[in-house]
Structure formats: structure tokens, C-alpha cells
Amino acid sequence: MKPERDIEELVRDLRHPADAETHDRILGNLLSTLRQHKKQSPVGQQPTLRRFVMRSPITKLAAAALVALAVVLSVPLFTKSTPTASAAEIFYQAAQAVNKLTSFHIRVEMRTPPGDNFATIGLDYDFVPIDFWKQFTDDEWGQWRLEEPGRVVVMDGRGSTMLIKPSHVVESVDRSPERYWRESLVELGSVMTREAKKATEHPADFSSYREQGEDGREKVVIAVEAQARVPETDYLRNKYIDDSDHLKIYRFDAETKMLEDLQIYVHTDSEEVLVFRLVQAEYNIDLDPGLFSLELPPDVIRLKALEILPDNETYEAMTPKEAATAFFTACATEDWDEVLKFLGQTEVAQRFKDYLGGLEIIEIGEPFQSSGYVSQGWFIPYKIRLKSGHVKEHNLALRKDNPAGRFQLDGGI
Amino acid sequence: MTMLEDRYLVWQLKRGSERALCRIYNQYETDLLTLATHLLGRTDQAQDVLQDVFLKFIESIDSFELKGSLKGYLATCVVNRARDYLRRARGHRAEPLETAQAVETRHSSPLQEAIAGEQQQRLRTALVELPDEQREAVLLHLQMGLKFRDIAHMQGVSGKTAWSRYRYGLDRLRSLLNGQAET
């Protein structure tokens, strides 16, 4: 006698996948039909907006762009019984809700190097946790701490200090330069305001709908579709969220307007890769004041602006390729004073010396630029053999937008 | 695939996204083809049903409203279309699954594969013997993961009746398989 559970399993196991020919044939026919359909029914030729919005969440999604535009134009499309708000309105309300907080803590996970600039992404990288704590004060900037495994930035209310942990490199600046979290999507007030502005300017990229949450509360979901800032062939393509075609999905509590979830998917030709996800959001919590002070190790190396050298003209005259060659040659000969001329810091970290000292230059390629990088920045392809024997092939980033007017290392090691 | 992804893909498809169509098709092709194949007992017709369902889906996408899961919706379409085929072909049903060799198995050793292959062939034969509504209930619940509430809605009966059809279907399958094993 065959047990019932076995039969259930047997039925579940029955699979009938299409062979490759069938798959290609049917999908080809479907794509052809879709193309034909697009010609006959271009997007936008839809029935009345009001019927759409009244009927179901999914049609709200499709119509939301038009709704947003209508709200911006102050067209009273909805009555109070259909409280559908534009994406711009929701983001403005969310920004206002953030401004009323006393504190918050956000933990996100991003596919990024663990000690990088909180913004670089890589589709193949592992997820790295990034925490942001903010204590609002009477001061404009408040106090905050931004931290990932290899780097931390603390704003104590007077100025901010960044510590790159493995190298003990430190940068201290007055007040709160937004650059640390400008692209990190953790400073909620800034994020909401920025998205609200974009939703006002480009409503068609924003879609929203409401749904019932697992907690029984109503949620507002906003999907933001964004095109990459750089062309498809650009070196920086998919290396930053804004340099990729991507989709952001925000989820707010409909009543409190507080952010509850955020996921970001990068589109490639073949797939959507989740590169960013909110894993924890806490509002109005007691934060340990110790979070907003940073104890530095005794042997820190400080970042500083490049100084004008006695022979600065020699360096100013260098082409990107010459500068890259000079930099790697100095590493090869372990001439750290020379290396320092390209670094803009008080000394060369021992970790840096151990890694690059005694390298062998195999090839320096032709420099190129990216529309997503500073206008005076260049990428120089290189191939070197490290002392360990490992051959490294990458692109050195050099930029010249500094008071000394000579090339400075900006990444790519 | 989550409801949110479904909704987003449908939204993209409404905007004419070929990528969204590919993702939806690739996601559900095997499940729907398996369902159609076992509802109809014929691979060629199952492929036609699959294509018909997606063509209709594309043609009606402008006014389409997703009220539940996309998988559930597409499964409903497959069931309805398969019923049309069965009505037309009633009395002319082919031998079950003439392309049994194309069926994917999940077993590693040759012996396991052989045993599983034989079991599956017997199961496919037994499935064809079930009344249509019992076969639908069994396949929709076990292969598509649909709840009895949804199956009931699809069949226009109460949830209890859908559940009963599923139980009767399983009992009948067990009886058929055990009967075959004893002969």
C-alpha cells in the first residue's frame, strides 16, 4: 500500500520542462506579439485614470505617474475617500516625519567593499552591513555615526572624523560634509527630500500603491525606476547605484510615513541584482552618547590637501600615463617620499608599503575617462606583479582637481 | 517570486518591457507546462495551451489587474484553456504522455532514476484516469501550490468541495497505483 504522503510527493515531483526548441519558439512568438501590441497600443493610451485608481492596487501602480503629475499640477482627481497621494507628496511627508524624530538607527546591507566609501557597489560583492545612528539636536547637523566593517565616520556636533580602520588613515573636517552619506541612502531626511524633488521633476519614474502589511497596517509602496548617469559602455557603469539602471522599492507605514523597507535592484541584460536592502529601522530610541565620539589609534595617518612642491611644475606637466608610471615606479623602488607626492596624506601606511613595495610593472595602458567621474580625473589601466607573485590588473584612478594641480591617487589599488 | 515582484513585472509589461515578459515566462514556464501536460495528457496540446495563455495575457495586459498571485492567475488561465481543449477533444484523448522520456527526474543514481521513472509513468497514467475536476484539484494544490480556497473559486464550488475532490483524487490515485502494482 503506497502511503498518501508518497503519492503527494510523487505528484509534486512530476516536472515537464520545455525543451530548448519549444522554449525559444514560444518565447519568440510572445516577444513578437508584445512588439506588435506595443505598436498598436502605445503606453499612455489608457482608459480613464479615475477608473484605474478606484479599482485595484496594481492599476494604481501603472497610473501613479499620471497621478503624481496631476497632483503637481493641482488637479483634484481624488476625493478624500480615495486617499491616493503622489510619490512626491509621500516623500515630502516622509521627510517631515523624519524631521520630527529625536533619533533613529538604520542598518542596511549593501554589496560593497567593507572599507570603501559607503557608495561603491559591485554586483558580485558580498553584502556588507552599514549602520547609521543619528541623534537630532538643536544644531542643524545633529550628531551621527556612519559605520561599516572597515571604515567609520563620526560627527560629534562640532566636526566629523573619518577613520579607515586597517590603515589608520584619518580625516577630520569641520561640521558635516554630506559627501560621506550623500550616496549611501542612510541619512533619511536627505534621502526623502531628494526623492521628493525627483518625483516632482520626473513623476513618470515613480509609481506607488497601497497594500495591507503583515502587521495589519496599511503600507505605501513606491517604486522608483532610474536610468544610469553614465552610458552602457562607461567604466563606472554598475559601480555606483546612480551609475546603474536600477529600481528602488520604498515601503512606508501609511499613517506614520516612516520608512520600513528599502530594496534596490540593479538591472543588467540578464537579471536584476539586489544590491541594497534595509534590514533594520528604529525610530526615537535611546542612543548611547558614546556612539558620537571616536577614539583614534595613536599612530594615525592624516589626510591632507596636496601641497605645492618645489618642483611642482614637473608633476603638473605629467600626462595621466606618466603620472601612473611615476607612481608605480616609486612603489617598485620603495621610494615612499616620492609615493607620498601622489597621496595627499601625512605618511604612507605600512599596510600600503607591504602591499605595493617592490612591485614589478608589467604594463601601463592607455588612460581613459568616464562621464561619471570628475572632469580632471582619469583611469589608467595597469598590470603589475606584486612582491607576493600575484599579478594584479586594474585601473588606477588619478585626479587633478586640487590646489597643487598635479595628479593625486583616488583609487584603483 | 514575491507579490511585489509580480506587481512590478506586470507594471513593466504594461509599459512594453520585453525583459519583464521574459522574466515572467521563464519563471512560470515549467510549472504551467507541467500543469497543462497533466491536465491534457498530451505534450503538443500542452505547449499550445501555454502559448495561448501567454498570448492572451499580453493582448489583455493594458486592462489587466493583478488581484492575487500571478502564478495563480496564469494557472487559472491554463486550467480554463485546457478545459476548452478537453471539451473539443472529448473521446479522442491520446495515450498518456507519449513523450515521457522528456520528463525531468530528481534522482541521482541510475537505479533510482529507473524506479522513479517507472513510478512516474504509472502516476501519469493514473492521473489521466481521474475525473477532470479531481485531477485539477490534485495538480493545482500539489504542483502549483494553490490553496483550496483558490481552487474552489476556480471550479465554482465551495472550499469543502474542492478539498473533497482533492482527497477523492488522491484516494483514487493510490488505488490505481496499488492496483497496478499488484497486477
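Biologist: Where in chain B is Gln143(B) found?

Modeller: Gln143(B) is in the loop between α6 (132–142) and α7 (148–155) of chain B. Keep in mind as we go that this is a predicted model.

Biologist: Thanks! What makes you call Gln143(B) buried or exposed?

Modeller: The relative accessible area of Gln143(B) is 8%. Buried means under 20%, so with 8% Gln143(B) is called buried.

Biologist: Which residues does Gln143(B) touch?

Modeller: Leaving out residues up to four places away in sequence, Gln143(B) touches Val11(A) and Leu14(A) from chain A, along with Thr34(B), Leu35(B), His38(B), Lys71(B) and Val138(B).

Biologist: How do you know that the side chain of Gln143(B) reaches the backbone oxygen of Leu14(A)?

Modeller: By distance: the side chain comes to 2.9 Å from that oxygen.

Biologist: Let's turn to the whole interface. How many residues of chain A are in contact with chain B?

Modeller: There are 52 residues of chain A in contact with 61 residues of chain B. The two chains bury about 5,600 Å² between them, with 59% of that area on carbon and sulfur atoms.

Biologist: Why is the pair Glu272(A) and Arg23(B) called a salt bridge?

Modeller: The closest N and O atoms of Glu272(A) and Arg23(B) are 2.6 Å apart. The cut-off is 4 Å between a side-chain nitrogen of Lys or Arg and a carboxyl oxygen of Asp or Glu, so the pair qualifies. Across the interface of chain A and chain B, the rule finds 5 salt bridges. It also finds 16 residue pairs in polar contact there, both partners being at pLDDT 80 or more.

Biologist: Which element supplies the largest share of the side of chain A that touches chain B?

Modeller: That is α2(A), with 13 residues. By class, this side of chain A has 23 nonpolar, 13 polar and 16 charged residues.

Biologist: One more helix, please. How do you know that the span of α8 in chain A agrees with what a helix should have?

Modeller: Helix α8 (residues 320–332) has 13 residues, and at 1.5 Å a residue these should span 18 Å. The end C-alpha atoms are 18 Å apart, so the two values agree.

Biologist: What do the buried residues of α8(A) pack against?

Modeller: The buried residues, including Phe327(A) and Phe328(A), pack against α9 (336–340), α10 (350–356), β13 (360–364), β14 (377–385), β15 (391–399) and β16 (408–411) of chain A. Just after α8(A), Glu334(A) takes a positive phi of about 55°.

Technical notes:
Residues numbered from 1 in each chain as written. Chains lettered and ligands numbered in written order. Predicted model: local features only at pLDDT ≥ 70, side-chain atom pairs only at ≥ 80, totals over all residues. Heavy atoms only, no water. Contact = heavy atoms within 4.5 Å. Buried area = accessible area lost by both parts, 1.4 Å probe. Polar contact = N/O pair within 3.5 Å; in protein donor to acceptor, adjacent residues only side chain to side chain. Helix = DSSP H or I, 4+ residues; strand = E, 2+ residues; numbered from the N terminus. Nonpolar A, V, L, I, M, F, W, Y, C, P; charged D, E, K, R; others polar. Buried < 20%, exposed > 50% of the residue type's maximum accessible area, 1.4 Å probe, protein only. Expected span 1.5 Å × (residues − 1).
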